[in-house]
Structures are given as structure tokens and as C-alpha cells.
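Here's a quick tour of a protein model, going from its sheet to its helices and then to a hole inside. Have a look at the structure first.

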Amino acid sequence: MSETTGASYAAAGVDIEAGDRAVELMKEWVKKTRRPEVEGLGGLGGFAGLFDASALKRYERPLLASATDGVGTKVDLARKTGVYDTIGRDLVGMVVDDLVVCGAEPLFMTDYICVGKVYPERVAAIVKGIAEGCVLAGCTLVGGETAEHPGLLGPDDFDVAGAGTGVVEADRLLGPDRIRKGDVVIAMASSGLHSNGYSLVRHVFFDRAGWALDREVEEFGRSLGEELLEPTRIYSLDCLALTRTTEVHGFSHVTGGGLANNLARVVPDHLHARVDRSTWTPGAVFDLVGTLGRVERLELEKTLNMGVGMIAVVPAESVDVALTTLADRGVDSWVAGEIVERGEHASGAELVGDYAA
């Protein structure tokens with residue numbers, strides 16, 4: 001380029017036309033997420049997403065809940081495999097299942113996609129996954145932002161983040177104050193690794209074991225890449241169904257920190273959750289991470305979900321209805337433990353025993 005040629009945004013690496021095309025491509029997917037509260041309030045491309053708050057008039061005292069999250073280093077696997085239409089479901093799951101822990105119904109989400117270079121079809125595929133996740137969660141994708149950062153990110157690099165808003169009736173708010181001695185801990189199966197611990201997972205499979213993403217793994221019945229990109233299960237509608245069919249005292253979303261640490265967050269100071277490992281068998285991916293990386297069990301448990309993606313804490317008399325409700329919705333669940341008095345040296349939650357063979 002001649003020194004006398006004027007500088008431009010495009011010359012600096014930002015392609016506005018590609019961004020506009022990406023918006024056009026994603027519109028059909030965003031439209032599939034629309035709830036009645038957003039009908040007639042404008043479409044994708046505005047400066048702000050709109051939601052008709054008059055829908056909240058049916059609440060006596062509506063409490064708004066908000067959550068934000070990302071997908072972490074799992075995005076690197078999407079980049080390496082060229083599979084971009086599943087990572088959005090991970091993003092939605094990370095956000096809406098935090099909202100539902102307090103009993104909130106997810107209402108709407110916004111997303112933020114940061115790329116080194118806008119490839120419209122790639123961005124649209126990411127948004128397709130986000131939209132599919134919103135449909136599974138029962139919420140609307142009201143808008144978002146795609147930012148092109150040449151010079152900071154490589155052309156193929158990207159990251160995603162999102163924020164969600166939900167609502168819960170004040171007198172139905174779930175939290176530690178509802179948990180009682182004698183309550184039962186119900187575990188809901190995860191779909192796999194979900195979206196936490198991938199720095200460890202990538203280190204074990206790629207750096208230590210030297211495996212390739214296209215390696216067929218007998219224990220998985222598919223390739224390593226397919227296993228690692230399995231989307232996060234979204235539990236929000238399942239959890240809300242539980243609150244409608246029976247009494248629920250609490251939920252815990254098992255994400256970073258593992259089962260015990262996340263369950264402890266919803267247990268009051270004078271009580272203790274005891275979870276029995278013998279009630280389930282973690283999937284093969286957890287065993288392989290431990291074996292190939294020689295990772296100690298406690299390290300695995302504080303990093304990965306070990307096969308449990310969500311916990312419900314219910315009174316003993318609600319167990320049968322809860323398990324039946326979840327089974328009817330296709331969620332594998334089981335009684336995994338109980339709430340007891342906290343001993344002198346106990347923490348909020350612990351795993352005991354050994355996993356079932």
C-alpha cells in the first residue's frame with residue numbers, strides 16, 4: 001500500500017460488510033427463539049434487545065435474576081475441528097442453569113462473539129447453536145454483539161460469552177435457607193464434560209497422551225473430537241418442571257469446582273451434604289482423563305462434573321415424584337445422598353465411598 005493512500009477500517013482488518021452478512025445469516029436462527037414477550041418489538045440489528053416487562057404483572061413480587069458466563073477453552077476444540085454449531089449450546093447451558101438454581105425462569109439472553117476475522121457462515125453457525133440452546137431453555141435471544149479484533153486475535157481465533165435474565169416469585173426463591181436436615185440429594189446425569197475443566201482435559205489428551213481429535217476411541221464409540229464437543233446439557237426446563245410438580249428446596253449447577261464445591265454453595269452453615277459415589281458410575285471420558293493423565297481422584301472431582309450436571313435437593317416425601325418427573329422428561333436421575341447435621345470438621349458437602357464399577 002502506498003504511503004499516500006489513506007487509512008481505512010477495512011485496511012486495518014475490520015470488514016463491516018462481512019459483519020452485516022453475518023447478521024443476515026443469523027436472523028433465521030434468532031427468530032426461532034422468540035417468546036410472546038418480544039413479538040412486535042423489533043428484530044435483530046437494533047441497538048438494544050427489547051422484552052415486554054408487562055408480562056411480569058402476573059407476579060406478586062417478581063425478582064429478576066441475572067447471570068453471565070462463557071465457554072472457556074472448549075472454544076479451541078470447535079476451532080480445531082471446524083465444528084461451530086454446538087458451542088453455543090454450551091454457552092446457554094452455562095448461563096440459564098445458573099439462573100434456575102434460584103428458581104428463576106430464564107426469559108432472555110444476549111451474546112458476545114469476539115473474532116479475529118469475521119467469517120459470516122462461521123459466526124452464523126455459532127449463533128445457530130446459541131439459538132438452539134435458547135429453545136431448549138425456553139428463553140429468547142434478544143440480541144448480541146459480534147466484534148472483530150484483528151491484531152489481537154488470529155484470523156481463526158474467537159471467543160463467546162453471554163448474559164441472561166430470569167424471573168422468580170419472591171416467595172418461591174430457592175436458596176440455603178430452605179435446605180433442611182433429612183432432605184435428599186437427587187443427581188441428574190450430565191451429557192459428558194459439559195464446559196468446565198477443558199484446560200486439564202486438553203493437556204491430558206493432547207500434551208501428555210498425544211491423541212488426535214479424529215482418533216476413534218473404543219470407550220466412547222466415536223472420535224475424541226466428537227466426545228469432547230458433546231454439548232452441555234440444559235436443565236432449566238427440567239428444573240422448573242420439578243418446582244411445579246413437587247416441593248424443591250434447592251438446586252446446584254455442577255460447573256467449575258466440581259460437585260462438592262458447588263453443592264456446598266447452597267447448603268446452610270449448620271448442615272452438610274453427604275453424597276455417595278457408589279450411586280453412579282462416571283462416564284468413560286472421566287476415567288480416561290484420570291488414567292492417561294495420572295490425575296488423582298480428588299483433583300478430578302474438583303475440576304470435572306464426574307457425570308453429574310445438576311443437583312436437586314428435595315424433602316424425602318418428594319423423592320418419588322421428583323424422580324418420576326425427571327424420568328418422564330428423559331433425564332437420568334437418582335438418589336445420590338442426604339443432608340445431615342454438620343460435624344465439627346465437616347465442610348458444606350463431601351463425596352464418600354467409591355464409584356460403582
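Two strands count as paired if DSSP finds at least two bridges between them. Strands (E, at least two residues) and helices (H or I, at least four residues) are DSSP runs, numbered from the N terminus. A word on provenance: this is a predicted model, where local features need pLDDT of at least 70, side-chain atom pairs count only at pLDDT 80 or more, and totals for chains, interfaces and linings use all residues. Residues are numbered from 1 along each chain as its sequence is written, and side-chain values use heavy atoms, with hydrogens and water left out.

**The sheet.** Strand β2 (residues 105-115) pairs with strand β4 (residues 158-169) over 10 bridges, in the antiparallel sense. In that pair, V115 sits opposite F158 of β4. Both strands belong to an open sheet of four, ordered β1-β4-β2-β3 with mixed pairing. Its edge strands, each pairing on one side only, are β1 (62-70) and β3 (140-148). From one strand to the next, the twist averages 15°.

Two helices pack here; contact means heavy atoms within 4.5 Å, and angles run from 0 to 180 degrees between N-to-C directions, with axes being lines fitted to C-alpha atoms, for helices over the stretch in contact.

| Helix | Strands touched | Angle of directions |
|---|---|---|
| α3 (residues 87-99) | β1, β2 and β4 | about 150° with β1 |
| α4 | β2, β3 and β4 | about 165° with β2 |

**A helix pair.** Helix α2 (residues 74-81) packs against helix α5 (residues 198-208) with axes 9 Å apart and an angle of about 45°. That makes the two oblique to each other; angles under 35 degrees count as roughly parallel, over 145 as roughly antiparallel, 65 to 115 as roughly perpendicular and the rest as oblique. K74, D76 and L77 of α2 meet Y198, R202 and F206 of α5.

**The hole.** The volume, about 40 Å³ for the largest cavity, is the space filled by probe spheres set on the points, which are joined across faces, edges and corners. V115 and F158 are among its lining residues, including also Y119, R122 and I126. Helix α4 (residues 120-137) gives the most to that lining, with three residues.

Key. On a 1 Å grid over the protein atoms alone, a cavity is a set of points where a 1.4 Å probe fits but cannot get out, and a pocket is an open set with protein on both sides within 12 Å along at least five of seven lines; lining residues have an atom within 4 Å of a point.
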